[in-house]
Amino acid sequence: MEGRRARGPGLKGALVAGVLAIVFVSALAVHKQRTLESVAQDKLALLADRHSTFRNLFQASFYFYFKDQFLPGVQKHMSETAGLERVQVLTRSGGILFDSVSPAKFEPDPNSPDSHQTRYGEKQILEHLSAENPSVFVQGFKVRILMPAGPYAILYTFGTGRLRDHLAAWLALGVLAALFLGMGMHYLRRLGPVSGLGQAFRRLWGLRLKFLVTILAVNGITGAIVYVTLSEYQARDLAERIEKESLLFSQFSSDRIVQDFSNYFYFYYRDRFLPAVKSILATDENLVLVRIISNRTRAVLFDSEQESSGSTPAPSAAREQLSEEEEALLMSRGVITRTQDHAGRKQLLVTRVYRNENGEPLFLVDFGFNYLSLERSVSSIRRRILLDLMPSMAIGLLIGMLFAQLVISPLRRLVAALRRVTEGDYESTLHIRRSDELGELAQAFNAMTSELRKKQELKKYLSDTTYRQIMAHQGAEGDARIGGKRVAATVLFSDI
């Protein structure tokens with residue numbers, strides 16, 4: 001007869017795990033809200049300086065220099081403002097004048113400056129359009145700040161993707177920890193009074209928990225390797241693509257820049273040259289620098305990052321000198337690329353040689369490309385990889401738990417049956433229909449209990465001396481054995 005199975009955590013363990021998970025999720029929600037409020041205050045302080053710049057840009061160039069000045073200025077403003085994902089200009093009546101997500105849709109008509117193509121739909125934003133003070137809105141993982149701008153209002157949207165990734169990772173770890181703690185508390189309760197924490201831990205650190213911890217570790221290591229490998233591969237692939245596109249862009253833009261420089265720089269600097277350069281800067285989101293250098297003096301004739309507010313800028317100091325190897329490579333190939341740190345960020349600098357009709361080098365044109373699109377794309381790819389890995393890791397953990405149950409459940413039944421045998425119950429049997437090693441172990445246990453039952457039955461009818469003789473010579477030829485044997489014998493009955 002098979003005894004009762006060792007019961008698992010059951011309902012109480014599940015309740016403990018559920019309560020712990022709820023507490024942990026609530027703590028994460030509070031942490032998220034406080035972090036977003038702190039981020040909102042930081043972004044509000046950041047906009048205190050940058051909002052006026054964007055407002056002046058909108059008022060000065062939105063209607064009449066939309067493509068030439070306004071769009072390049074918006075891109076530059078967003079790239080210089082950490083975390084800024086979206087800029088929207090709203091009218092006090094709720095109309096959308098501009099949206100950086102789809103700027104072409106909101107190109108204005110100078111003949112009807114008050115027209116707008118669509119209306120803003122969120123009620124909480126509409127209720128604050130007439131406010132004279134900034135309004136902060138925190139929703140999901142977005143921080144939005146509504147800043148007044150005269151007859152308009154500008155809505156800035158900041159993303160917190162890194163916070164979302166961290167919370168997702170902590171949530172997964174917290175739920176697993178709550179599950180393990182719930183199971184651990186159940187087993188500690190079942191242990192009863194034990195001599196010391198070390199003994200309690202040794203009894204708790206059973207095969208089931210070892211299985212789960214091992215599987216979790218294997219899943220975590222495998223997921224980390226896949227995550228890092230895919231992220232690095234995608235980042236390297238995107239970086240190579242950006243560098244190739246940057247080379248092609250500089251090749252087709254250098255002649256145009258030098259021609260505009262020759263035709264308009266000295267006489268139409270503000271009217272024609274600067275708009276032409278800004279239109280080129282707006283063509284590529286990674287392009288942040290255009291610089292023209294005299295090949296003879298190596299003086300910087302124009303620098304888009306240090307453009308003068310006057311009519312025509314004067315040449316600045318000479319640019320840093322190239323090494324002899326870089327100089328020889330530049331003159332032989334006409335182009336060189338190198339990376340540098342610029343304002344704390346990695347920048348790709350492409351230098352091209354502009355030659356006249358006789359092949360003489362006249363100017364050097366520097367193009368500076370940042371990796372802003374790479375950082376944004378890699379961040380999105382990492383989030384997608386992480387979200388794709390989490391279900392597979394959860395499935396792997398579930399499969400590991402099921403496998404652990406398949407292995408440990410028969411062992412627990414065997415341990416319970418062995419305890420009953422040590423207490424003198426030789427009627428215990430195991431009904432485990434398996435063809436693996438656990439099935440063989442169950443068959444061996446059943447054979448053992450069968451032999452014990454026979455020996456126990458035999459001891460009821462024989463003396464201890466006879467029983468020991470039979471057991472000592474059991475199986476020997478010609479000696480007594482259990483079950484007896486047929487022999488030819490003569491029996492003499494005599495009366496004395």
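**Around S254 and across the chain**

Leaving aside residues up to four places away in sequence, S254 touches R352 and F367, where a contact means heavy atoms within 4.5 Å. This is a predicted model, in which local features need pLDDT of at least 70, side-chain atom pairs count only at pLDDT 80 or more, and totals for chains, interfaces and linings use all residues. Residues are numbered from 1 along each chain as its sequence is written, and side-chain values use heavy atoms, with hydrogens and water left out.

S254 lies in helix α6, which spans residues 207–264; helices are DSSP runs of H or I with at least four residues, strands are runs of E with at least two, and both are numbered from the N terminus. Because its relative accessibility is 7%, S254 counts as buried, that is, under 20% relative accessible area with a 1.4 Å probe and protein chains only.

Turning to the chain as a whole, it has 11 helices and 11 strands, and 35% of its 496 residues are buried. Of the contacts with a separation of 6 or more, 59% are between residues 24 or more positions apart.

Elsewhere, helix α2 (residues 66–80) packs against helix α7 (residues 269–283) at an angle of about 45°, their axes 9 Å apart, with axes fitted as lines to C-alpha atoms over the stretch in contact and angles running from 0 to 180 degrees between N-to-C directions. The two are therefore oblique to each other, a class for angles that are not under 35 degrees (roughly parallel), over 145 (roughly antiparallel) or 65 to 115 (roughly perpendicular). On the α2 side the contact is made by D68, Q69, P72 and Q75, and on the α7 side by P275, K278, S279, L281 and A282.

Definitions and conventions: Buried means under 20% relative accessible area, exposed over 50%, partly exposed in between (1.4 Å probe, protein chains only).
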